[in-house]
Amino acid sequence: MKGKSSWKPAEYWDEIGGGKERRIKRMKGSENLGCTGMGYENAGSGRRANCIIYGILYGLSCVTKHFPYFHILMIGRILGGTATSILFSAFESWLVYEHNSRGFDSELLSTVFSHATLGNSLVAIGSGIVAQVFADNFGFVAPFDLSLTVLVIMCVFLVTTWTENYGDATGNVMSSMKSALISIKQDRKILCLGLIQSLFEGSMYTFVLEWTPALTPPDPPEVPAGLEVAADDEVSSTIPHGWIFANFMVAIMIGSSLFKILCKYSSPESFMRLVLFIGAISLVVPIVLPNNKEYIFAGFIVFEVCVGIFWPAMGTMRGQYVPEATLCQVQFMLNSWKSSPPPVPNEALRSQSNLALLPMKRTDFTIPAVCSALIRAAEILFCAGGGGGGEL
């Protein structure tokens, strides 16, 4: 039956999960616990093996969506967080190693990352549309089943076409992590990259949680008994998530194309300062115009364009500044800093999203304000780290 789903209403989850805010924090905390638990590259397993493990873990996470039990869903978030940590480390490390080992020009890395972001956006656009169709016809769990199928195909592709490579095949996990920590401490550029990525992606992952309520119209007022409302006067309180997501992916694709154009005239270290500033301004729109959904959506589109520029830019700079042998370990080391501020400022990757989640219960304006502040801080750090030159 169309729209059939095993999901329970929101009130049910509020009752067993302790309210919306607490439930979101628990799920997000479980995801980041998974990130810490298995983000590193085991010196004996290799990068291709970790990419296959990513597919297995995320596939299991999709399976948990069939069970309407909070704790099973939390386990799914742990598996998803673990897989996401691998996604942001092992694949890129494999690519950089193969690029260098085959003797390609190091300057071509920026082109590779730009094309990767463009291709990812094209796939994501199609995924959003297909997921919307499946959700409309088979229920909200159906897109996860489709995702599981794609993950199986990916694993088969990796097994049959990829070669294995290692960062440091002779070392053990502890020595690899020690080398990564030394790299972060000794090289200020790596530390700056970690902070910049932490601040921007922290706001980005908080945006992922908040764009739906920001764009959802308020519930229409209750109609007194005995009165009828014309069809034209009815206001829908739902939004087409799949189509909106597809629009966001188009914006990211535009950003990746702009990245290639910008690289012809400047370096990522230079133009990313302006990009981060524009990203911060775009997230001010929900604060200034909280009831204008059209302007909020336009601001979100601008932000996603900045995301499309940010990803290949950071991939290019990581390939330039982070030693290839410890790239995956450094990624994990930066990914391991959690929600409480550490004594030294090297929180990185997705960890800042925990900080942004802490004040969710205060006001509707807190989240965009925190996101904008995080990106603005990253932009200031870029300016401070790069001075007036073309490098960090």
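**Helix packing and ring pairs in a predicted model**

Author: The axes of α9 and α13 cross at roughly 155° and come within 11 Å. The model in view is a predicted one.

Reader: Why is α9 called roughly antiparallel to α13?

Author: Angles over 145 degrees count as roughly antiparallel. The axes of α9 and α13 cross at roughly 155°, and that makes α9 roughly antiparallel to α13.

Reader: What is the hand of the crossing where α9 passes α13?

Author: The crossing of α9 with α13 is left-handed. The residues of this contact divide into 21 nonpolar, 2 polar and 5 charged.

Reader: How many aromatic pairs does a search of the whole structure find?

Author: The search finds 13 aromatic pairs.

Reader: Why is the pair of Phe 200 and Phe 310 called stacked?

Author: Two rings pair if their centres lie within 6.5 Å, and planes under 30 degrees apart count as stacked. The ring centres of Phe 200 and Phe 310 are 4.0 Å apart and the planes stand at 20°, so this pair is stacked.

Reader: Which parts of the chain does this pair link?

Author: Phe 200 is in helix α9 (residues 188-215) and Phe 310 in helix α13 (residues 293-321), and the two are 110 residues apart. Both Phe 200 and Phe 310 are buried.

Reader: What makes the pair of Trp 211 and Phe 248 edge-to-face?

Author: Planes over 60 degrees apart count as edge-to-face. For Trp 211 and Phe 248 the angle between the planes is 85°, at 5.2 Å centre to centre, and the pair is edge-to-face. Trp 211 lies in helix α9 and Phe 248 in helix α10 (residues 241-265), so this pair ties together parts 37 residues apart in sequence.

Reader: How do you know whether Trp 211 and Phe 248 are buried or exposed?

Author: Buried means under 20% relative accessible area. Trp 211 has 10% and is buried. Phe 248, at 2%, counts as buried too.

Reader: Which residues do ring pairs link into a cluster?

Author: The cluster includes Phe 200, Phe 310, Trp 211 and Phe 248, and also Phe 207, Phe 297, Phe 300 and Phe 303.

Reader: Why does Lys 293 count as partly exposed?

Author: Lys 293 has 23% relative accessibility, so it counts as partly exposed. Lys 293 lies in helix α13. Its C-alpha atom is separated by 8.0 Å from that of Thr 216, 77 residues apart along the chain.

Reader: What do His 99 and Asn 100 count as, buried or partly exposed?

Author: The limit for buried is under 20%. His 99 is at 5% and counts as buried, whereas Asn 100 is at 38% and counts as partly exposed. His 99 is found in helix α5, and Asn 100 lies in helix α5 (residues 90-101).

Reader: Where do these two residues stand in relation to Val 112 and Gly 319?

Author: C-alpha to C-alpha, His 99 and Val 112 are 9.5 Å apart in space and 13 residues apart in sequence. Asn 100 and Gly 319 are 10.0 Å apart in space, C-alpha to C-alpha, and 219 residues apart in sequence.

Reader: How do you know that the reach of helix α4 is close to what is expected?

Author: α4 (residues 70-87) has 18 residues, and 26 Å is expected at 1.5 Å a residue. From first C-alpha to last the helix reaches 25 Å, close to that value. Its buried residues include Phe 70, Leu 73, Met 74 and Ile 86.

How values were computed
Residues are numbered from 1 along each chain as its sequence is written. This is a predicted model: local features need pLDDT of at least 70, side-chain atom pairs count only at pLDDT 80 or more; totals for chains, interfaces and linings use all residues. Side-chain values use heavy atoms; hydrogens and water are left out. Helices (H or I, at least four residues) and strands (E, at least two) are DSSP runs, numbered from the N terminus. The expected span of a helix is 1.5 Å times one less than its number of residues. Buried means under 20% relative accessible area, exposed over 50%, partly exposed in between (1.4 Å probe, protein chains only). Rings of Phe, Tyr and Trp (its six-membered ring) pair if their centres lie within 6.5 Å; planes under 30 degrees apart count as stacked, over 60 as edge-to-face and the rest as tilted. Axes are lines fitted to C-alpha atoms, for helices over the stretch in contact, and angles run from 0 to 180 degrees between N-to-C directions. Angles under 35 degrees count as roughly parallel, over 145 as roughly antiparallel, 65 to 115 as roughly perpendicular and the rest as oblique. A crossing is left-handed if the near helix is turned anticlockwise from the far one by less than a right angle, and right-handed if clockwise. Ala, Val, Leu, Ile, Met, Phe, Trp, Tyr, Cys and Pro count as nonpolar, Asp, Glu, Lys and Arg as charged, and the others, Gly among them, as polar.
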